[in-house]
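Please keep the sequence and the 3D view at hand while reading.

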Protein chains: 2
Amino acid sequence: MTGGLQVTALPPLPEVVPGDDLAALIRAVHPAPFPSGAALVVSHKVVSKAEGAIVRLADVVPGPRAHELAAALGKDPVVVQVVLDQSSEIVRARRGVLICRTHHGLVAAHAGVDGSNVDEGWCVTLPADPDGSARALRDALPGRPAVVIADSFGRPWRHGQAEVAIGCAGLVALDDQRGARDRQGQELQATQIAIADQVAAAADLVRGKASGQPAVLVGGLQRWTTAEHGPGAASLRRAADEDLFGA
Amino acid sequence: MTGGLQVTALPPLPEVVPGDDLAALIRAVHPAPFPSGAALVVSHKVVSKAEGAIVRLADVVPGPRAHELAAALGKDPVVVQVVLDQSSEIVRARRGVLICRTHHGLVAAHAGVDGSNVDEGWCVTLPADPDGSARALRDALPGRPAVVIADSFGRPWRHGQAEVAIGCAGLVALDDQRGARDRQGQELQATQIAIADQVAAAADLVRGKASGQPAVLVGGLQRWTTAEHGPGAASLRRAADEDLFGA
């Protein structure tokens, strides 16, 4: 029983507002250099807020498509317009939920737009460039830990949400073991492992949604941390034309 | 930084064969009682093998539907017949992959049928009743840890596989926080968290596919471990008619 992971929530951060220096807020609760093999998993919501990726609903004028979808789904046309503004494609519209492909290529309910943990009358969108946000945060933290920016995504055939990596830096996001062999010497089939998503999921187990603990330290990831930033969570996104399961 | 999780692979188990007492094999590498708040995550493959959920391909006679699908997908009709035998429905058949709903209601590539880490000429199927297997294993381990039986599943819009819980006992598989409030006092939206899937994902980070370490101990889950076995991983499966994303 050597090695292993340690997963620990950092102390709560203050409420984050646009223009805040998120790295400075994290350094204030964790001044020591992060150890080698560590990843810092950060809820996207504090990244979005610091970057100003929030929308005041009073400033949004819904267009005809938003009105039409809102009527069909029983939703607020203003919120639907915010979702449409974040989306390149509506993948599904059903049972009160819009599943969208965002401009980044992420497929998420409501394009990741969320009205919780934000002031009333506002909603939070996803960061414009989550891999870029992860790289910038990493470079501003002592010891340059890997950084994962996480959000909760639903899954088509399973109840409940699980955290996934929407951005990352300094971590092998997708471990491609195709061509590796099993204990019997047979080639492993279709073995690409979504490391960054699993790190995001592990981190979620140590914090509550309403706890104000958006940052979680995962230690023991030496197998997957890298000196360079690497290709990031972009490597986890299937392009629309590679979509195995969709319409 | 109190609390937190510790994730550690147990020492390797010997090769598991039908009729093996899996609990005895685990007790041999971990004789001490498991601590409170611990979950033991076990790869389904050793559970399937111990239970004899393996198929000798030489015994399988493919029917017309298997021949037809195999020709369309460029696959072995014998393997396709094994997949069909495990399935109640073909959800997708495309790009060489069959996405199936199993008789348990799990949606998985090839219905979870796998030819790696098994003798040539055989394949492994999913356990017949993974929640029942988890309960039986739990009752046979000292300290009655929570038990999660895990498998790697692909995801529609993301590259790479992530581990999910196909069976569990003694753990809140799905944490339903609907109705809970955020820090601003607003109700959280759509917040059901797939705890057991995230525990399975965390465990996967400490073992390699070919390492012979099918059992991983996750400590620090007191928030979600329960005295009773509970509803198990069945609570994570969406019924076909609840499928938000599918056809």
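The model described here is predicted, and the predictor gives the complex an ipTM of 0.94 and a pTM of 0.94. For chain A the mean pLDDT is 91, with 92% of its residues reaching 70 or more.

- On the side of α6(A) the contact is made by Q198(A), A201(A), A202(A) and D204(A), and on the side of α6(B) by Q198(B), A201(B), A202(B) and D204(B).

**Helices α3 and α4 in chain A**

- The axes of helix α3 (residues 64–73) of chain A and helix α4 (residues 77–86) of chain A come within 8 Å, and they cross at roughly 120°.
- That crossing angle makes α3(A) oblique to α4(A), and α3(A) passes α4(A) in a right-handed crossing.
- From α3(A) the contact draws on R65(A), A66(A), H67(A), L69(A) and A70(A), while from α4(A) it draws on P77(A), V80(A), Q81(A) and L84(A).
- The residues that make up this contact of α3(A) with α4(A) divide into six nonpolar, two polar and one charged.

**The sheet of chain A and the helices on it**

- In chain A, three strands form an open sheet in the order β4-β5-β6, and the pairing is antiparallel.
- The edge strands of this sheet are β4 (87–94) and β6 (107–109) of chain A, each of which pairs on one side only, and the twist from one strand to the next averages 25°.
- Strand β5 (residues 97–102) of chain A is joined to β6(A) by three bridges, the two strands running antiparallel, and I99(A) stands opposite A109(A) in β6(A).
- Helix α3(A) lies across β4 and β5 of chain A, and runs at about 25° to β4(A).
- Helix α4(A) also packs on the sheet, where it touches β4 and β5 of chain A, and its direction makes about 130° with that of β4(A).

**Helices α3 and α4 in chain B**

- In chain B, α3(B) and α4(B) pack at an angle of about 120°, with their axes 8 Å apart.
- The helices α3(B) and α4(B) are therefore oblique to each other, and α3(B) passes α4(B) in a right-handed crossing.
- Where these helices meet, R65(B), A66(B), H67(B), L69(B) and A70(B) in α3(B) face P77(B), V80(B), Q81(B) and L84(B) in α4(B) as contact partners.
- The residues of the contact of α3(B) with α4(B) divide into six nonpolar, two polar and one charged.

**The sheet of chain B and the helices on it**

- An open sheet of three strands in chain B has the order β4-β5-β6, with antiparallel pairing.
- Its edge strands are β4 (87–94) and β6 (107–109) of chain B, each pairing on one side only, and neighbouring strands of the sheet are turned by 25° against each other on average, direction ignored.
- Strand β4(B) and strand β5 (residues 97–102) of chain B pair in the antiparallel sense over six bridges, and E89(B) stands opposite R101(B) in β5(B).
- Helix α3 (residues 64–73) of chain B packs on the sheet and touches β4 and β5 of chain B, its direction making about 25° with that of β4(B).
- Helix α4 (residues 77–85) of chain B lies across β4 and β5 of chain B, and runs at about 130° to β4(B).

How values were computed. Residues numbered from 1 in each chain as written. Chains lettered and ligands numbered in written order. Predicted model: local features only at pLDDT ≥ 70, side-chain atom pairs only at ≥ 80, totals over all residues. Heavy atoms only, no water. Axes fitted to C-alpha atoms, helices over the stretch in contact; angles between N-to-C directions. Helix = DSSP H or I, 4+ residues; strand = E, 2+ residues; numbered from the N terminus. Parallel < 35°, antiparallel > 145°, perpendicular 65-115°, else oblique. Left-handed = near helix turned anticlockwise from the far one by under 90°. Contact = heavy atoms within 4.5 Å. Nonpolar A, V, L, I, M, F, W, Y, C, P; charged D, E, K, R; others polar. Pairing = 2+ DSSP bridges. pLDDT = per-residue confidence, 0-100.
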